[in-house]
Structures are given as C-alpha cells and as structure tokens.
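Open the model in your viewer and keep the sequence panel beside it. The tour below gives a selection at each stop and says what is found there.

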Amino acid sequence: MPDLSINFAGINAPNPFWLASGPPTNTAEQVISAFRAGWGGAVWKTIGTQVVNVSSRYAGISFQGRKLAGMTNIELISDRSIADNLRDIELVKKTFPDRPVVVSLMTQSRKQWHQLVKDVEQTGADGLELNFSCPHGMSERGMGSAVGQEPNLVEMLTHWVKEVAKLPVMVKLTPNITDVRQPAFAAKQGGADALAMINTIKSIAGVDIDNFVPFPQVGLHSTTGGLSGQMIKPIALNMVKNCAKEVGLPISGIGGIENWNDAVEFFLLGAAMVQICTGVMKRGFGLIHQLTSGLMSYMSDKGFEKISDFSGKALANITEWENLDLSYKVVALINSGSCIGCRQCFIVCNDGGYQAIQLKENDGQIIPVIIEENCTGCNLCSLVCPVEKCITMIRKN
Ligand SMILES: Cc1cc2nc3c(=O)[nH]c(=O)nc-3n(C[C@H](O)[C@H](O)[C@H](O)COP(=O)(O)O)c2cc1C
C-alpha cells in the first residue's frame, strides 16, 4: 500500500492534499468539515489587517461549454476580526491535533508582523504562510503582490518574520512577475523554509458588452482581479519547475488542481505537496475522495511507495531549447478508416500550418492524405481532429 503521508518543511500531514488559503478556510466549521472528509491540511484564509470585502466579487470564465474553467476574484483577505480567526484556529487544532493548519499572514510594519506571528503561534498552528502574492486591493496598500514583485522586500519581510517565528515559514509567491525565481531566491535568503506557488494571475474575466462594465461587477464598476482554476495550471507548472530546478526549497504547488492527475503533474515537476482553492469552491470538500484514491492507484501502478519517490521525476526531462534533438522527426498519420471527413485537419494545415494535407477521393468519399515531405510534425492536425486516435504522430527518425 502506498503511503500518502508527507513531512513538508518539518510539518507532518497524513496526505499531500491541503486546502489553499481562500474562502474554504475562512472558518473553523469549514476546516473541521474538510478534515472530517479527509483533507491532509489547511492554509487558513489570510489574516492580518482589517478589511471590508465587496459584493459581487467572483466572475466565472466558461470555456467550450465548461463552466468555471477559470475564475477571477476581487476578494481581499479575511474580513473577520483577527481575534475571531485565532479562536477558530485554536478550535480546529483542538479538534484535529494531527492535521496541520498553516496560517496565511499579511500585514505592514515590522512591529505588526512580529505581533501577528506571536499571536498566531499561541493557537497551536503548525506553520506560517506569508502572503506576498494577493494581486488586487492589498497590493495598492503596499502588501501582497506589491511585496512579492520586489525581491528586496520579500527578503526583508521574510527576515522580519524569521526574527520571531518558531514555526516553519512558507513564502507564497505571485505569478505576476517576469522571473519568479528572483523572489524565490530572496525568500530563501530571508530564511524561508518553503515556497508556496502560485497565487492568482492579474486578469479581467470579461466585459458586459451591453452596459460596458467588466466582471465581476460592483454596481457599475469593476477592477482588475486574480485568475484561478484550471486555466492557470500550465503557468503554475512552469513556475514550479523553474523554482524546483534551481532554488532548493520545498515547494507547495498551487494553481488549477482539480483532480489527482493534476496533482501528480505538480509532484513530477518538483512539488512536495499541493494546495487547492478553486477546485474546492466548485466541487466541495468531497473532492478529496477522488484525489486520494486516484493518487493511491497511480502510485500502486507505478510502484511508488512515497510521494518523495517521484517528486521532481520529470525535471530531468526538461532541457533548454538548444539542447533538443534537431534530427528527431515525427510526421502525421491519418487513419482513413476512422476519419469522419470533417476536413478540419485539411483546413488548419493549409491555413494555419505547413500545407501538408491534401484531399483525395476514395470510393466516392473525400479523405485527407498527408504529404509526408511537407509535414513538419507540428501536431496541429492531431490536436484539432475530433476523433480519438484518428491522427497519430509517428516517428520517422
Ligand atoms: C476567491 C479567492 C480568494 C482567495 N483568497 C486568498 C487569500 O486570502 N490568501 C491567499 O494567499 N490566497 C488566496 N487565494 C488564492 C488561492 O489560495 C490560490 O493561490 C489560487 O486561487 C490558485 O489556486 P486554485 O487554482 O486552486 O484556486 C484566493 C483565491 C480565490 C479564488
């Protein structure tokens, strides 16, 4: 039987699936209910400064009929009082002493950071996550991603926290930056024990073309928000890979995880555990069942006993472009038996590709045929083909 338990930066958890800081970790009731369902840990909704949240605050992005493929939010940190949050965290820890609760923090002066860390450490929490990554609302006040975009500030604030913290400290990075390795190295320099990545990506979900107000709407206005959910996974994976290859801190992977295979991809690129927010907002705490059972089956199939057996296993297969094998060649092969004659491959190859498909008549039917010498092996035809395995790429040398 594979063992899903982890030790992440000194924190033990029964499995690598944690709730990310956000609406699902706003109250004791929610986190207790999540732990009952089987979640491995939770990062508490960020606390530290009194805020008021707006209404409405989420906008969904549908993609090809799939609702909430992405979501843009303009929510700030917890709008409950710090005292209420601390009481709730204590209650969760008393109810589930074996389940880690990491508290996400965001405040301003060195004195405020010190006080907040000391207060949180009284609750029995297991770790601290520094929110240097919220991209809206808080950043205009010099917090969140305003810190995360400035490596000097990341290092300084991490250091302030480490001056007093007894618990492990993760720094949560913003993707709204050109090179995420720079704040990651700065966090390490400041004494961080781990990285959490990524937070949301600056975005506008869409615009109401009748009243000209973007979404989400607060009356007749909107503002730039943060994109989360499945749409951001490729960006998160790349950033996790960049840090895993070079920075040398344990990584908690976040961004668009909604099923066990998403999580496996994060592990393979170097994450040691994962956090989920939007997936839980869409599907509830019951999501944990397919995550743990799917991961167990995958690990059994592959013969992995622990997450650490395969964390980072794909990194060796990523190289710089100039190291790729220029003599490696594939070409498309169309299975005329399963072709439905939609001509989509012909259209895209001619108009948006390399003119390597021609239409031929066969028994009164028009079928696409590959012109092998023109085929660059780009994959486009196989990507648009609506029939599973009708177009495959075959190796030529
Ligand atoms: C509505 C909403 C509120 C969030 N609030 C916080 C927060 O208070 N602190 C924080 O660090 N991240 C916050 N996040 C970011 C998530 O923790 C996570 O980093 C991000 O959504 C990407 O993961 P996901 O695609 O699984 O949602 C929030 C995300 C959403 C959607």
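**Stop 1: the barrel**

Select serine 252, which stands opposite methionine 273 in strand 16. The model is a predicted one. Now widen the selection to strand 15 (residues 251–254) and strand 16 (residues 273–276), which pair in the parallel sense over 3 bridges. These two strands belong to a barrel of 8 strands, closed in the order 3-4-7-8-9-10-15-16 with parallel pairing. On average, neighbouring strands of this sheet are turned by 25° against each other, direction ignored.

**Stop 2: the open sheet**

Next, select methionine 71 and serine 228; the former stands opposite the latter, which is in strand 14. Strand 6 and strand 14 (residues 225–228) run antiparallel and are joined by 3 bridges. Both are part of an open sheet of 4 strands, with the order 5-6-14-11 and antiparallel pairing. Which strands lie at the edges of this sheet? They are strand 5 (58–63) and strand 11 (201–203), each pairing on one side only.

**Stop 3: around the ligand**

Select the ligand and the residues around it. How many residues surround the ligand? There are 27, and the closest are Ala20, Gly22, Ser228, Cys277 and Thr278. Strand 4 (41–47), strand 6 (66–73) and helix 9 (278–283) are the elements that give two or more residues to this shell. Colouring the shell by class gives 10 nonpolar, 14 polar and 3 charged residues.

**Stop 4: two helices**

Select helix 3 (residues 110–121) together with helix 5 (residues 151–164). Their axes come within 9 Å and cross at roughly 45°. Helix 3 is therefore oblique to helix 5. The crossing of the two helices is right-handed. To see the contact, show the side chains of Arg110, Trp113, His114, Val117 and Lys118 in helix 3, which meet Leu157, Trp160, Val161 and Val164 in helix 5. By class, this contact between helix 3 and helix 5 has 6 nonpolar, 1 polar and 2 charged residues.

**Stop 5: a hairpin**

Finally, select strand 18 (residues 357–362) and strand 19 (residues 365–370), which run antiparallel and are joined by 6 bridges. Asparagine 362 stands opposite glutamine 365 in strand 19. The two strands form a hairpin with 2 residues between them.

Notes: Residues are numbered from 1 along each chain as its sequence is written. This is a predicted model: local features need pLDDT of at least 70, side-chain atom pairs count only at pLDDT 80 or more; totals for chains, interfaces and linings use all residues. A residue is near a molecule or strand if its C-beta atom, placed from the backbone, lies within 6 Å of it. Ala, Val, Leu, Ile, Met, Phe, Trp, Tyr, Cys and Pro count as nonpolar, Asp, Glu, Lys and Arg as charged, and the others, Gly among them, as polar. Axes are lines fitted to C-alpha atoms, for helices over the stretch in contact, and angles run from 0 to 180 degrees between N-to-C directions. Angles under 35 degrees count as roughly parallel, over 145 as roughly antiparallel, 65 to 115 as roughly perpendicular and the rest as oblique. A crossing is left-handed if the near helix is turned anticlockwise from the far one by less than a right angle, and right-handed if clockwise. Two residues are in contact if their C-beta atoms, placed from the backbone, lie within 7 Å. Two strands pair if DSSP finds at least two bridges between them.
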